[in-house]
Amino acid sequence: MIPKNLFLKRSCPLIMQIAETHRKPRWLPVAKSKIYRIPKRPEVSEEERLELLRINNNYKTQMRAIRRFYHEEMINEKSSLQSASSEMSQQLEADEWEKCVQINEKWNAQVAAEREQRRKIELAAMEDYALKRIEAKDKEFKGRIARASAEIRREKELSSTFITPDNLEAAIDHALANPVDYNYAIDLRGNIVSGRDTPIVKPEKKDQAVA
Amino acid sequence: MTSPVIKYVGRTTNFKGKTLWEIVGSLKNYGVGRIIVRSVFQRYSEPSFMKIIKVETCPDEERRRVRVWVEKTFRGRKLPNLTEIYKTSYKPDYNLIPKDEEAKLFESAKIYEKLPEAILPNAIEMPPLMKKFIVKDHEKKGLETIKEFVMPIAYNHSPNRVHRIAKGDEKPTVQFTMSLGKPVSPSLYEGIQLQ
């Protein structure tokens with residue numbers, strides 16, 4: 001809790017209202033320090049008591065009369081309103097109802113027109129979107145077919161070199177006749193010397209051969 | 001032997017006496033025919049007392065209570081019907097009147113029976129501002145203006161009502177006004193000019 005003096009003691013006092021109850025919450029029991037406290041009875045002199053009693057009784061009588069008067073007036077007004085509302089107001093009410101129905105219908109028509117227009121626009125947008133999607137799909141399919149046919153063509157071209165059971169013997173013979181040796185060495189100039197058993201060539205001869 | 005010192009502890013109370021069962025339970029025949037008084041009603045100048053007619057005890061759950069029918073005389077006026085005391089029977093506020101004092105009590109009550117009946121008014125004048133307001137209000141609502149600025153008084157109904165309320169055009173013996181009225185203790189208003 002903020003002490004109130006904090007705000008009052010400032011050089012420029014804040015004007016503020018602190019809404020707080022200056023008591024314990026109601027659900028807490030009586031404070032320990034107050035358990036045995038016995039409040040002193042107020043001492044009112046006999047004269048004052050009698051006068052206060054008279055004045056208060058007077059006041060209560062007056063207020064009861066006023067309250068009863070206005071209560072009865074309210075009830076009378078209510079009942080008169082109800083009786084008056086039997087025929088006159090029924091007609092009025094029917095007219096009012098008619099009017100309300102007309103206004104409602106007008107509003108409904110207006111809203112329906114607006115809705116129709118909006119639906120048209122929405123439908124057109126949807127069609128447009130669908131068409132675009134179809135086109136895109138077509139394009140994609142065509143591209144796929146083209147790619148596939150190109151692949152097929154290439155494979156067909158390559159298939160002429162394939163080893164089949166027919167030309168297997170010939171291929172074996174050819175392989176045996178032309179052994180390939182993938183081993184090679186590279187010198188400092190980048191010349192490739194293939195084979196394992198290739199004799200080393202002298203550098204002078206090599207220069208001439210290059211030239 | 002010194003007399004015992006009685007020291008009262010706790011809050012003070014307006015009650016003075018015993019509960020009804022404490023009185024009735026220790027009397028012969030449950031005290032039927034005896035007179036009891038409520039001490040808080042002794043504040044009135046007129047005598048108030050009750051004559052026990054019938055007593056019924058209560059079940060064990062209601063130890064402090066007892067059901068008693070009494071002939072009640074309240075502020076010098078005897079009620080026509082019997083009164084049942086049950087809810088208030090636990091209050092430690094009942095006193096038994098000794099038999100030799102009963103006659104005196106009856107005698108004091110007789111004086112009040114002979115006195116003329118006080119009649120309360122059934123209408124009161126409106127307060128000054130309300131009079132003006134009502135005139136304007138009725139004009140606004142298109143109602144007929146009222147000539148007499150009086151309104152009926154509402155009374156709380158109780159069988160203990162001592163004064164009678166005027167019926168019709170009966171002339172009341174007590175008058176209520178919207179003004180301050182005549183003070184009971186003029187000493188409180190010393191130096192103040194009353195209307």
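## Contacts and layout of chain B

In chain B, 62% of the contacts with a separation of 6 or more are between residues 24 or more positions apart. Keep in mind as you explore that this is a predicted model.

What elements make up chain B? There are 3 helices and 10 strands, and from the N terminus on they run α-β-β-β-β-β-β-α-β-β-α-β-β. Of the 195 residues in chain B, 30% are buried. The chain exposes about 14,100 Å², and carbon and sulfur atoms supply 54% of that area.

## A cluster of rings

Let's turn to the aromatic side chains. Over all chains, the structure holds 5 aromatic pairs. In one of them, the ring centres of B:Phe41 and B:Phe74 are 5.4 Å apart and the planes stand at 85 degrees, so this pair is edge-to-face. B:Phe41 is in the loop between β1 (35-38) and β2 (49-56), while B:Phe74 belongs to strand β3 (residues 67-74), so the pair ties together parts of chain B that are 33 residues apart in sequence.

Is B:Phe74 buried or exposed? B:Phe74 has a relative accessible area of 9%, so it counts as buried. B:Phe74 also forms an edge-to-face pair with B:Tyr44, with 5.7 Å from centre to centre and 80 degrees between the planes. This pair, too, links distant parts of the chain: B:Tyr44 sits in the loop between β1 and β2, 30 residues apart from B:Phe74 in strand β3. B:Tyr44 is partly exposed, at 25% relative accessibility. Together, B:Phe41, B:Tyr44 and B:Phe74 are linked by ring pairs into a cluster.

## Charges over rings

Which residue lies over the face of B:Tyr94? That is B:Arg38, at 5.5 Å from the ring centre. Likewise, B:Lys54 lies over the face of B:Trp69, at 4.5 Å from the ring centre.

## Salt bridges

Side chains of opposite charge can pair when their charged atoms come close. A search of the whole structure finds 19 salt bridges over all chains.

Another salt bridge joins B:Glu117 and B:Arg164, at 3.0 Å from N to O. B:Glu117 is in the loop between α2 (99-114) and β7 (119-120), and B:Arg164 is in strand β10 (residues 164-165), so this pair links parts of chain B that are 47 residues apart. B:Glu117 is partly exposed at 46%, as is B:Arg164 at 25%. Salt bridges with shared partners also join A:Glu77, B:Asp137 and B:Lys141 into one network.

## A look at chain A

In chain A, the side chains of A:Arg49 and A:Glu46 meet in a salt bridge of 2.9 Å, N to O. Both lie in helix α2 (residues 46-84), 3 residues apart, which is about one turn of the helix. A:Arg49 is partly exposed at 39% relative accessibility, and A:Glu46 is partly exposed at 48%.

## A buried histidine

Where is B:His138 found? B:His138 is in helix α3 (residues 128-141) of chain B, and at 9% relative accessibility it counts as buried. Leaving aside neighbours within four places in sequence, B:His138 is in contact with A:Glu73, B:Leu143, B:Glu144 and B:Ile146.

How values were computed. Residues numbered from 1 in each chain as written. Chains lettered and ligands numbered in written order. Predicted model: local features only at pLDDT ≥ 70, side-chain atom pairs only at ≥ 80, totals over all residues. Heavy atoms only, no water. Helix = DSSP H or I, 4+ residues; strand = E, 2+ residues; numbered from the N terminus. Buried < 20%, exposed > 50% of the residue type's maximum accessible area, 1.4 Å probe, protein only. Contact = heavy atoms within 4.5 Å. Areas by Shrake-Rupley, 256 points an atom, 1.4 Å probe, with all protein chains shown as cover. Phe/Tyr/Trp six-rings, centres within 6.5 Å; stacked < 30°, edge-to-face > 60°. Lys NZ or Arg CZ within 6 Å of the ring centre and 35° of its normal. Salt bridge = Lys/Arg side-chain N within 4 Å of Asp/Glu carboxyl O.
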